[in-house]
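I opened this notebook to keep track of what I looked up, entry by entry.

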Amino acid sequence: MAKPSEEIIIIGAGAAGLIAARELSRQYKVTVLEAGETIGGRIMTIPGKETKEAEAGAEFVHGELPLTLGLLQEAGLRYHLISGQMFQVDNGKWTAQHEMISNWDELLEQMGKIPADMTMQDFLDQYYPSGEHPDLRKSIQGFVQGFDLADITKVSVKYLYNEWTNESEKNFRIEKGYGAMTDFLAEECRKQQCNIVTRAAVTSVEWSAGKVQVQTADGATWSADKLLVTIPLGMLQKNTISFSPAIPEYIKAANDIGWGTVIKVILHFKTPFWEKHTKQMAFLLGKTPIPTWWTQYPDKTNVLTGWLGGPPSAAYITQTDKELLALAFDSLATLCNETVETMREQFSNGHIFNWHTIPHVGGGYSYGTPASAAAQVLLNTPIENTIYFAGEALYNGTSPGTVEAALVTGKAAAEKISG
């Protein structure tokens with residue numbers, strides 16, 4: 001149990017770190033060390049004049065999630081329900097689609113029956129062999145890669161079953177973006193005298209029971225009684241912070257959880273040319289290099305967001321923004337039955353976020369493997385009541401890979417620290 005006089009360092013000013021800082025700075029002296037130039041982590045809202053211009057990172061609130069919506073209400077931030085239709089494009093033909101995968105209910109039923117956990121690859125090989133179900137297997141692989149950023153040879157069936165059976169049909173967008181929520185949390189922290197330091201990349205931690213000394217890349221040292229680590233899983237897996245004494249079991253546990261990456265492309269156009277096909281498009285899916293696109297519907301803005309997630313993005317992570325923009329134009333031209341020249345003429349401006357290359361993040365979000373449950377138990381267990389961990393990868397509820405997941409773990413870690 002932490003005493004009121006104790007000092008606490010939190011590494012990372014993303015959703016998990018900030019909510020923990022808010023909770024803890026009510027009682028303790030708290031310092032948050034953030035490697036990036038700004039707070040937010042994988043929340044990165046590009047501001048517009050009155051509302052957000054775009055969400056480079058987290059964008060949707062996936063369901064009526066209590067912690068996220070509660071925070072938005074507390075901050076006075078408005079959000080609205082997403083509507084519109086999903087369309088699949090095959091050989092230039094647009095078809096309204098109500099299920100991501102045909103025979104969805106039958107698939108879920110079979111997934112729920114498996115006696116022991118396995119990877120999705122093993123599940124497909126056992127229950128849906130390639131000779132009999134080639135189209136279904138392709139659809140499942142595409143969905144797992146796109147939605148979960150996951151590798152089917154690694155992802156857990158029980159993880160996917162838990163997530164998919166709890167997926168809400170209600171999704172929301174925050175009018176000023178997720179960044180307004182993290183700004184609110186940061187302001188609350190500062191009101192409580194919490195010190196948030198940006199451009200402070202932690203390189204090493206020396207610790208003993210009840211004492212930590214943290215060093216940042218600029219040579220500064222910070223001391224405290226307890227440490228909460230909320231860096232993205234990909235950074236933890238790569239041992240970007242050196243611990244002395246070392247914590248090999250915890251680093252191994254981090255590597256037992258899946259970590260996916262994504263390339264997100266946000267394009268502004270002069271006109272909504274896609275409305276030739278339909279005026280109610282929310283999502284557009286097709287067999288193109290960037291296979292998933294969405295509008296801001298029901299908002300009337302001439303913006304399309306492209307999403308290339310999971311293992312297929314690996315082929316493009318070394319490409320320049322110019323090359324990725326060309327890939328986006330090619331994909332959209334195919335899907336919308338337009339020429340690439342038309343795409344270029346219609347293009348106004350855009351943003352490209354290759355999350356694999358973004359410093360101090362190195363990816364998108366986590367996914368579960370058959371070994372993840374045990375790994376999460378360990379990572380949620382403090383080391384000598386001195387080093388604690390939080391972040392969406394440590395969450396084991398029904399909304400994985402979300403801001404809600406990060407918030408839940410950050411709040412839980414704060415409760416453990418304060419006893």
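Where does proline 298 lie? I found proline 298 in the loop between β19 (292–294) and β20, where strands (E, at least two residues) and helices (H or I, at least four) are DSSP runs numbered from the N terminus. Before going on I noted that this is a predicted model, in which local features need pLDDT of at least 70, side-chain atom pairs count only at pLDDT 80 or more, and totals for chains, interfaces and linings use all residues. I also noted that residues are numbered from 1 along each chain as its sequence is written, and that side-chain values use heavy atoms, with hydrogens and water left out.

**Backbone entries**

Most residues other than glycine have a negative phi, and most peptide bonds are trans. I looked up two exceptions of the peptide kind: the bond from tyrosine 297 to proline 298 is cis, with omega near 10 degrees, and the bond from serine 244 to proline 245 is cis, with omega near -5 degrees. Proline 245 sits in the loop between β15 (242–244) and α9 (248–255).

For phi, I noted arginine 199, which has a positive value of about 55 degrees although it is not a glycine. Arginine 199 belongs to the loop between β10 (195–197) and β11 (202–208), and its relative accessible area of 57% makes it exposed (exposed means over 50%, buried under 20%, partly exposed in between, with a 1.4 Å probe and protein chains only). Asparagine 337 also has a positive phi of about 55 degrees; it is placed in the loop between α10 (321–335) and α11 and, at 44% relative accessibility, counts as partly exposed.

**Whole-fold entries**

I counted 13 helices and 23 strands in the protein. The radius of gyration is 22 Å, close to the 22 Å that the globule rule gives for 419 residues, so the protein is as compact as a globular protein of that length (the radius is taken over C-alpha atoms, and the rule is 2.2 Å times the number of residues to the power 0.38). Buried residues make up 55% of the 419 residues.

**Helix entries**

Is alanine 406 buried or exposed? At 10% relative accessibility, alanine 406 counts as buried, and its place is in helix α13 (residues 403–418). Leaving aside neighbours within four places in sequence, alanine 406 is in contact with Ala15, Ala16, Gly391 and Glu392, contact meaning heavy atoms within 4.5 Å.

I then looked for cavities (on a 1 Å grid over the protein atoms alone, sets of points where a 1.4 Å probe fits but cannot get out; a pocket is an open set with protein on both sides within 12 Å along at least five of seven lines, and lining residues have an atom within 4 Å of a point). The search of the whole structure finds one cavity of 30 Å³ or more, and the largest cavity holds about 80 Å³ of space, a volume being the space filled by probe spheres set on grid points joined across faces, edges and corners. Among the residues lining the largest cavity are Arg42, Gly391 and Glu392.

The second largest pocket holds about 430 Å³. Of the 22 residues lining this pocket, Thr51, Lys52, Glu175, Lys176 and Asp299 lie nearest its centre. The largest share of the lining, four residues, comes from β4.
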